[in-house]
Amino acid sequence: MTFVLRWLLAAWLLALGAATAQAQAPAAGSAVVTTDQVRAELLAHAPQGVATDQPLWLGLQLRHAPQWHTYWKNPGDSGLPTRLEWTLPPGVLAGDIQWPVPKKIPIGTLANYGYEGTVLLPVPLTVTPEFKPSPFAPELEVRLKASWLVCRLECIPQDGEFTLKVPVRGSTALHGSAFEAAFAAQPRPLAPSGTSTGNTAQIADGALDIRVHGLPATVRGQTLQFLPETPEVIETAGAWTQAWQGEVWTARVPLSPQRSASPQPMPVVLAAGDRGWHTELQVLGTWPAVAAPATVSPALAEALRNNAAAPAAPPGPGIGLAAALLGALIGGLILNLMPCVFPVLAIKVVGFASHAGDVRRHRIAGLAYTAGVVLSFLALAGLMLALRAAGDQLGWGFQLQSPLVVSALAALFTLIGLNLAGVFEFGSVLPGSLASMEVRHPVGNAFLTGVLAVAVASPCTAPFMGASLGLAVTLPVGQALLVFAVLGLGLALPYLLASFVPALARRLPRPGAWMDVFRKLMAFPMFATVVWLVWVLGQQSGIDGAGALLALLVALSLLVWTLTLRGRTRAVLAAAALAALVLVGWAALPQLTQPLPAATAARASEDGWQPWSQAKVEQLVAQGRPVFVDFTAAWCVTCQFNKKTTLTNPQVLAGFERQGVALLRADWTRRDPAITAALAALGRNGVPVYVYYRQGSAPVVLSEVLGVQEVLAVIGPL
C-alpha cells in the first residue's frame with residue numbers, strides 16, 4: 001500500500017474522529033441543551049426591557065425525565081446543587097439563584113432535597129449605568145456555563161453552555177408565566193429571629209430544640225418539612241418530632257454525628273407542600289465538637305431508594321501506577337493476538353517480506369512504526385481525557401461509537417484491500433511525483449502503518465489492559481498519558497524487536513514473484529474487516545444504515561477503478577463516478593447517522609438476555625437473584641468472540657438456568673453515559689467487562705477473554 005494513500009486517508013480519519021467526538025459534546029451557542037434525562041433551557045424575563053432600575057431576570061429551566069431529579073442548594077445526604085457561571089457584559093451583574101421550595105426525596109434511611117418534573121431557577125440581574133450596548137446591535141448577550149447532577153437510582157453529572165441575546169429595547173416576556181410560577185414557589189420571609197421570643201434553635205443533648213413564630217394561620221396544625229440551607233448539619237431523615245404550641249411551631253431535630261458546619265445564625269426553610277417560608281434561627285448554646293465528615297457518594301445514596309441493595313464496591317484495592325504500567329505493557333503485547341489487529345499484521349508481514357535483505361531499513365521502519373503507534377495512542381488518549389474533563393462520559397474505543405467514524409474506517413479498508421488486490425496502484429491515479437513519495441519517505445510509510453494499527457486496535461481490550469485503563473483515567477494527566485504510551489509500546493514491541501534481530505530477517509524468504517501472490521492474498525483480511533465494520537454499523541443504525549454504507553463503498557470502488565483507465569474514457573467515466581459517489585454519499589448520510597430502530601433494539605431480550613440498567617441490577621439483587629452483566633459493543637471483536645463461544649456454551653447456559661441467574665447486556669455500541677459511569681465504578685474504561693452480582697457479596701469482575709470454567713467457578717456448581 002502506498003505512502004501517499006495512507007497519509008491522505010489517515011489524516012482524513014483522525015480529523016473525522018476528532019470532529020465526531022467534539023460533536024458529541026453539548027453544542028455551545030444555543031439556549032437549549034438536551035440529554036436523555038434533562039432538557040435545560042436558558043430563559044429571559046425583561047418586561048420593561050433592559051434598563052437601569054427595571055426588573056430583569058434570567059433563569060435555567062430544567063425539565064426532568066420521569067423519575068429523575070436534580071438538587072437544591074442543600075442536596076441532603078448526597079448529590080450536588082446546580083451551579084451557574086455567568087459571562088455578562090460590563091455593567092451587568094448577576095445575583096444568586098432564587099431557589100424554589102424543594103421536595104424532600106427519601107432514599108431508604110436517608111433523604112435528599114431536590115426537584116422533579118419541571119423547575120425554573122431564576123436569577124436577578126442588575127443593570128448599572130456602566131452598561132453601554134452597541135448602537136448597531138442593542139442587545140444584552142448572556143453566556144452561561146451550567147452544571148448539574150441528575151439522579152434516579154444512578155447519578156449522571158452533566159453540563160451545558162448556553163447563549164442568549166436579550167433585546168435592550170422593548171419587552172421580553174414570552175416566558176412570563178414560567179417566571180411568575182417560579183416566583184410563587186419562592187419561600188416567603190418570616191419575621192427576623194430573636195433570642196427569647198423570636199425563632200430559635202436551642203442546642204441540647206445532640207439535638208436542636210426549635211421554636212418558630214409568625215407562620216401563617218392557614219398552616220397551623222399541619223406537619224411541616226424542615227429544610228436547613230446549610231448541608232450536613234442535621235439528620236435529614238432521622239427520628240425527629242414536631243408539634244404546635246398555639247401559633248408557635250416546635251420541633252426537636254437530631255444533629256448529624258458527622259456534622260461539617262456550625263451555622264450562626266442558621267438559615268432554614270419550612271415548607272407545607274409547594275409553599276415555603278424562610279427564616280434564620282438564632283442558635284442558643286454551644287455547638288458540639290465537629291466530627292470527621294463521612295462521605296456518602298451520590299451513587300451509593302441513590303441506590304438505597306426503595307430499600308434497594310446498594311452495589312458493593314469493586315473487589316480488592318486499587319492497583320498502583322507501577323502495576324498499571326506493567327499491565328499496560330503486557331496488555332499491549334497480548335493486543336497483537338486479538339482478532340481486531342489481524343489486518344495490520346497482514347500489512348506488516350508484507351512489509352517484512354519486501355525488505356527481508358535490508359537490515360538498516362528494517363530497523364528504521366521498526367522505530368518509525370513504534371513512534372506511530374505510541375504517538376497515536378497518546379493523541380487518542382489525550383482527546384478522550386480532554387473530553388472527559390469537559391464533562392463528556394467517554395471510554396476507551398469511544399471513536400467507534402460514532403457511525404461516521406465506522407463508515408470512514410470501512411472506506412479506508414476498502415481502498416487498502418483494492419490496492420493490495422492490484423485493482424489500482426497509486427501511480428495510476430496521481431502524478432508520478434506524488435506516487436514516488438513512498439520510495440522517498442519509507443519512514444513516514446512505517447509511521448502511518450502505526451497510526452493505522454491504533455485505529456483498528458483501539459476498540460479491543462486485552463487481558464491486563466482493563467484495570468490499567470480504568471486507573472489511567474483517574475490519574476493526573478501526565479501519569480495517565482504515560483500508561484497509554486506504555487500500552488502503545490507493548491503493541492509495537494514485537495515488531496520493534498524483530499526489526500533489530502538479524503536472524504529473523506535471514507529466515508524470511510527472498511523477495512520474488514511469490515510476493516505479488518502473497519500481497520493479493522492479504523487483501524482478503526482487509527475485505528473481512530470491511531464486512532465486520534458494515535455489521536457494526538448495522539448494529540448502530542439498523543439495516544438501512546448498513547445498506548447505505550455498502551452503496552457508498554460500491555460507488556467509491558467504482559471511482560477508484562475509473563481512475564485506472566486511460567484516455568478520454570477515463571475523464572468521462574471518472575466524472576460520472578465522482579458524481580455518483582457524491583449523490584450516494586448525500587443520500588446515505590441520514591441513514592448512517594440515524595439511531596437504531598426500536599424494534600431492532602428490542603430483539604436484545606429474545607435470546608434470554610435483557611437490556612441492562614443499574615436500577616434493574618439493584619432491583620434483582622435486592623430480590624435475592626444473582627445477576628450476570630455483559631458489558632459489550634458491536635465494534636469489540638473480543639466481545640463478539642466471547643458471545644459466540646463461552647456465553648453460548650451449553651454448560652454455561654445450563655449453569656445460568658440452574659442458579660436462576662438473570663442475564664443483562666449493557667450495549668455500548670453507541671455512546672451511553674450510564675454505561676460509561678457503571679464501567680468507571682468498576683474500575684474499567686473499555687469493553688468487554690463481565691460482572692457477577694450476588695446479594696451480600698461484592699461484584700466479581702471476570703477476565704476479558706472469558707473461559708467456560710471461569711464462569712462456572714463464579715456462578716457455582718451445577
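# Exercises on a predicted model

Residues 24 or more positions apart account for 76% of the contacts in the chain with a separation of 6 or more. The model used in these exercises is predicted.

**Exercise 1.** State how many helices and strands the chain has, and what share of its residues is buried.

*Solution.* Step one: the chain has 23 helices and 24 strands. Step two: 50% of its 718 residues count as buried.

**Exercise 2.** Decide whether Val283 is buried or exposed, then find what surrounds Val283.

*Solution.* Begin with the location: Val283 belongs to strand E19, residues 275–284. Next, apply the cut-off: buried means under 20% relative accessible area. Val283 has 5% relative accessibility and therefore counts as buried. Then list the contacts, leaving aside neighbours within four places in sequence: Ala201, Ile203, Pro263, Gln264 and Met266. Finally, take a pair separated along the chain: Asn199 and Val283 are 84 residues apart in sequence, and their C-alpha atoms are 9.1 Å apart in space.

**Exercise 3.** Work out which residues of helix H21 are buried, and what they pack against.

*Solution.* H21 covers residues 650–659, and its buried residues are Val652, Gly655 and Phe656. Viewed down the axis of H21, these fall within an arc of 100°, so they line one face of the helix. The general rule is that an α-helix has 3.6 residues a turn, so residues three or four places apart point the same way. The face of H21 turned away from the buried side carries the exposed residues Pro650, Glu657 and Arg658. The partners of the buried residues are strand E21 (627–632), strand E22 (662–667) and helix H23 (708–715).

Now look at the ends. Asn649 caps the N-terminal end of H21, with a side-chain oxygen 2.8 Å from the backbone nitrogen of Gln651. After H21 comes Gly660, which has a positive phi near 65°.

**Exercise 4.** Give the strand order of the open sheet that contains E1, and identify the edge strands.

*Solution.* The order of the 5 strands is E1-E2-E3-E9-E6, with antiparallel pairing. Strand E1 (32–34) and strand E6 (92–94) are the edges, since each pairs on one side only. From one strand to the next, the twist averages 20°. E1 is joined to strand E2 (residues 38–45) by 3 bridges, and Val32 has Glu41 of E2 as its bridge partner. Helix H2 (residues 176–184) packs on the sheet, where it touches E2, strand E3 (57–64) and strand E9 (118–127). The direction of H2 makes about 95° with that of E9.

Definitions and conventions
Residues are numbered from 1 along each chain as its sequence is written. This is a predicted model: local features need pLDDT of at least 70, side-chain atom pairs count only at pLDDT 80 or more; totals for chains, interfaces and linings use all residues. Side-chain values use heavy atoms; hydrogens and water are left out. Buried means under 20% relative accessible area, exposed over 50%, partly exposed in between (1.4 Å probe, protein chains only). Helices (H or I, at least four residues) and strands (E, at least two) are DSSP runs, numbered from the N terminus. The arc is that of the directions from the helix axis to the C-beta atoms. Contact means heavy atoms within 4.5 Å. A polar contact is a pair of N or O atoms within 3.5 Å; within protein, one must be able to donate a hydrogen and the other to accept it, and residues adjacent in sequence count only if both atoms are side-chain atoms. Two strands pair if DSSP finds at least two bridges between them. Axes are lines fitted to C-alpha atoms, for helices over the stretch in contact, and angles run from 0 to 180 degrees between N-to-C directions.
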